[in-house]
Amino acid sequence: MPFARLATATTPTSHLGLGLAAVGRPGYINLGREKDLGETRTVETLRARTHELLDAAYAQGVRYFDAARSYGRSEEFLADWLTTHPDLDDIVVGSKWGYTYTAGWTTDAEKHEVKDHSVRTYDRQRGETAELLGDRLDLYQIHSVTPDSPALTDKQLHARLAELAATGVTVGFSTSGPAQAQAIRAALTVTVDGEPLFRTVQSTYNALETSAGPALAEAHDAGLTVIVKEGMANGRLAEPYAPDALKAVAEETSLGADAIALALILREPWAGVALSGAATVDQLASNLHAAVVDLNDDQLARLAALAEDPHAYWEKRGQLPWH
């Protein structure tokens with residue numbers, strides 16, 4: 001399994017990954033995006049920014065890189081970077097299928113992505129990913145599984161995914177929405193020829209949305225590698241938007257609110273990788289300080305009080321504008 005490479009890594013930041021959702025396309029829902037990216041968001045501008053981030057991440061010990069078919073040209077940008085670094089054999093590359101990017105490189109599209117977990121979409125997107133990433137792909141995940149997703153019950157799809165796993169690519173899934181825990185537990189029961197199909201799970205977990213925690217612990221105990229996404233709650237846990245309690249702990253530790261938010265994830269025994277969604281090199285450097293954060297019981301208690309009802313959290317997330 002490719003994540004064994006991370007288990008043997010010795011850099012303090014090896015359990016932090018870089019997600020490319022924020023830089024693979026001009027529009028996204030992260031707060032502060034106007035400041036982070038500015039007005040110039042051409043394909044070549046974001047390609048250069050992505051490569052700069054990948055260079056900085058690798059130099060600082062990051063070894064997991066995460067893309068998706070729906071993240072605009074993220075796979076293409078990552079593939080270009082990998083082509084110029086053929087000697088890097090200690091990294092893990094993941095991508096996702098199940099959403100199709102439909103924004104046409106604009107920030108004001110009526111729909112930015114369309115979800116479809118059918119075998120037809122898998123076959124098409126698997127071919128598209130293979131064309132770009134080839135044998136550099138280590139992990140292929142179903143994007144945003146929910147309890148009603150046909151991906152949980154489609155035996156033909158399961159057979160296709162098992163065929164992919166037999167070639168050496170790890171098969172996983174990601175989750176979204178207030179019923180993440182239900183989706184995770186349902187996915188853990190999916191088998192092909194008596195063997196569990198999924199070997200990784202990528203879920204939203206952060207100081208504001210902790211509801212998936214117990215199910216992620218169960219997934220870890222079942223042998224899955226847990227990847228945590230949206231640890232910054234799409235910018236709600238970063239300066240200047242962070243809650244006062246988080247800002248206070250950040251001041252006490254002389255680190256950024258972002259580092260504290262990611263440190264809360266890393267301290268969970270089930271967390272294999274926590275993703276940084278940085279859009280700038282400075283943000284990335286600040287995020288990576290999470291590896292050295294030490295929080296006391298009082299600070300942890302104050303931060304625990306930030307958790308929201310999952311339905312309220314996802315309703316707020318759904319109202320964030322694409323910009």
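A nonpolar core is a set of buried Ala, Val, Leu, Ile, Met, Phe, Trp, Tyr and Cys residues joined through side-chain atoms within 4.5 Å. Keep that in mind as you tour this predicted model.

**Stop 1: the core.** Select Leu18, Phe65, Leu78, Leu161, Phe173, Phe198 and Leu246. These residues have the most contacts inside the largest nonpolar core, which has 95 residues. Now color helix α10, residues 257–266. With eight residues, α10 gives the most to this core.

**Stop 2: Leu78.** Center on Leu78. Ignore its neighbours within four places in sequence, and its contacts are Leu20, Leu54, Phe65, Ala67, Val93 and Leu133.

**Stop 3: Lys96.** Go to strand β3, residues 92–97, and select Lys96 there. Is Lys96 buried or exposed? Lys96 is buried, because its relative accessible area is 1%, and buried means under 20%. Beyond neighbours within four places in sequence, Lys96 is in contact with residues including Asp66, Arg69, Tyr71, Tyr140, His143 and Gln202. Next, draw a line from the C-alpha atom of Lys96 to that of Thr106: they are 10 residues apart along the chain and separated by 21 Å.

**Stop 4: two helices.** Show α9 (residues 244–253) and α12 (residues 297–304). Their axes come within 9 Å and cross at roughly 155 degrees. That makes α9 roughly antiparallel to α12. The crossing is left-handed. On the α9 side, select Ala245, Leu246, Ala248, Val249, Glu252 and Thr253; they meet Gln299, Arg302 and Leu303 in α12. The residues of this contact divide into five nonpolar, two polar and two charged.

Key. Residues numbered from 1 in each chain as written. Predicted model: local features only at pLDDT ≥ 70, side-chain atom pairs only at ≥ 80, totals over all residues. Heavy atoms only, no water. Axes fitted to C-alpha atoms, helices over the stretch in contact; angles between N-to-C directions. Helix = DSSP H or I, 4+ residues; strand = E, 2+ residues; numbered from the N terminus. Parallel < 35°, antiparallel > 145°, perpendicular 65-115°, else oblique. Left-handed = near helix turned anticlockwise from the far one by under 90°. Contact = heavy atoms within 4.5 Å. Nonpolar A, V, L, I, M, F, W, Y, C, P; charged D, E, K, R; others polar. Buried < 20%, exposed > 50% of the residue type's maximum accessible area, 1.4 Å probe, protein only.
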